[in-house]
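Biologist: I am new to this structure and would like to learn how to read its features. Could we take them in turn?

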Amino acid sequence: MSSSENKVRNLRSRFPSLERIENGHRLVYLDGPAGTQVPLEVAQRVAECLIHHNANRAGKFITSQEVEQIMAEAHEAAADFLQADEPRSVAFGPNMTTLTLGFSRALARTWSPGDEILVSSLDHDANYTPWVLAARDAGLTVRTIGIDPSDATLDMESLESQLTERTRLVAVTAASNAVGSLTDIPAIAKLVHRVGAELFVDAVHYAPHRRIDVVGWDCDYLVCSGYKFFGPHIGILYGKPDRMESIVPYKLRPSPDTIPGRWMSGTQNHSCIAGLTAAIDYMASIGEDPTDPKPMATRREKLDLAMDWIEAVERELIQRLIAGLKEIPKVRIYGIVDPDKSHLRAPTVSFCIDRVDSAIAASELGKKGICAWHGNYYALPLTLALGTEPNGMVRLGCMHYNTTEEIDRTLEAVRWIAR
Ligand SMILES: Cc1ncc(COP(=O)(O)O)c(C=O)c1O
């Protein structure tokens, strides 16, 4: 067994759900893009907060002060995860969609009728419709960045050609949750800033696969979601501190005027926020090498190493999966399939089986213990552009906890369905 396989085995032992057997089949979780599995230590941290530190904030007693500490730790952990300069530039909320809907209303206050925004066909609807609705209310024109349908990647020419001095915002994903295509966020940020516009990045699908770097990328705003990277259901919103201070949120009078509190409405989900810190610590622990005489000092350094390792492990899985799918007659894959371009994709693949409805294919996979998603996974702008509505596609998403045996079992099942 290689050292990498050994490491995967050790990591898997931290996820009780990976042991589950149904109808004689050990479950294969390839539904990670819809929500990953959770290590025991994360669930324990959530429970620990509810059992021992259950209080509201700002009280003059010990459990309330402990919750303050839990929140401070979570802002610190999230800043490490996103490589933000300041913990206060990160706000939490129920999920990415709710945060984006709320933030879009507030940002729209800074726009004027006749201004323009750009959304993309590669995106999940959560980074599309909030902006379309906000633009409609504020009298803006909405333009759509197209895709190259041959490999379902963002069309950079379409983006560049539609940027004007009236563009106020570009909203784009860092990785497609449907087909895995990555976008070049630093390059997009440069183009967007050249015309004086701002960039809002959806990193929900990107987060479990690659290292986010809000400062290095120079994005103005970024969102992601804890349950997509081994944590609980918590949304995360980053914004450049000066903008988060100057934009006026829709908020209640008792909410603080300072960041990040002015962007965090109502009582927060403290226990899940504690679990989010644990999820980030879990990911950082992947970067630890117990045999290294000079162990990494900081969580950021560990996360750097962890994400490099995750990328390498996942690349092997996705290459094996795509190579196998390509050999199955009647299977049509959407997205990048060239193994030489696998650095340009996340390990998520969508495909159709000729004359088989995606729901039926997913249901047959489910009977064999393989958890796969079907339909459009809310990536409606993309599935409309690809023409896969209404039957949809089947999606298989690898995570670092998946194994080559699981990929082979899945390929065998797809072969059986296609026959
Ligand atoms: C790429 C992408 N963006 C946004 C979302 C919405 O995230 P949330 O469920 O946290 O609202 C999802 C959820 O599937 C997603 O995959």
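Biologist: Which strands does helix α7 lie across?

Modeller: This is a predicted model. In it, helix α7, residues 185-194, lies across β9 (167-173) and β10 (198-202). The helix runs at about 155° to β10.

Biologist: What is the order of the strands in the open sheet?

Modeller: Strands of a sheet pair through backbone hydrogen bonds, either parallel or antiparallel. Here the open sheet has 7 strands in the order β4-β12-β11-β10-β9-β5-β6, and the pairing is mixed. β4 (90-93) and β6 (141-145) stand at the edges with a single partner strand each, so one side of each has no neighbour in the sheet. From one strand to the next, the twist averages 20°.

Biologist: How many bridges join β11 to β12, and do these strands run parallel or antiparallel?

Modeller: Strand β11 (residues 221-225) and strand β12 (residues 235-239) run antiparallel and are joined by 5 bridges. Opposite isoleucine 236 in β12 stands cysteine 224.

Biologist: How do the axes of helices α4 and α5 cross?

Modeller: Two packed helices are described by the angle between their axes and the distance between the axes. For α4 (residues 96-108) and α5 (residues 129-138), the axes come within 9 Å and cross at roughly 30°. An angle under 35 degrees counts as roughly parallel, and α4 and α5 are therefore roughly parallel to each other. Their crossing is right-handed.

Biologist: Which residues make the contact?

Modeller: α4 contributes Thr100, Leu101, Ser104, Arg105 and Ala108, and α5 contributes Pro130, Trp131, Ala134, Asp137 and Ala138. Of the residues in this contact of α4 with α5, 6 are nonpolar, 2 polar and 2 charged.

Methods. Residues are numbered from 1 along each chain as its sequence is written. This is a predicted model: local features need pLDDT of at least 70, side-chain atom pairs count only at pLDDT 80 or more; totals for chains, interfaces and linings use all residues. Two strands pair if DSSP finds at least two bridges between them. Helices (H or I, at least four residues) and strands (E, at least two) are DSSP runs, numbered from the N terminus. Axes are lines fitted to C-alpha atoms, for helices over the stretch in contact, and angles run from 0 to 180 degrees between N-to-C directions. Two residues are in contact if their C-beta atoms, placed from the backbone, lie within 7 Å. Angles under 35 degrees count as roughly parallel, over 145 as roughly antiparallel, 65 to 115 as roughly perpendicular and the rest as oblique. A crossing is left-handed if the near helix is turned anticlockwise from the far one by less than a right angle, and right-handed if clockwise. Ala, Val, Leu, Ile, Met, Phe, Trp, Tyr, Cys and Pro count as nonpolar, Asp, Glu, Lys and Arg as charged, and the others, Gly among them, as polar.
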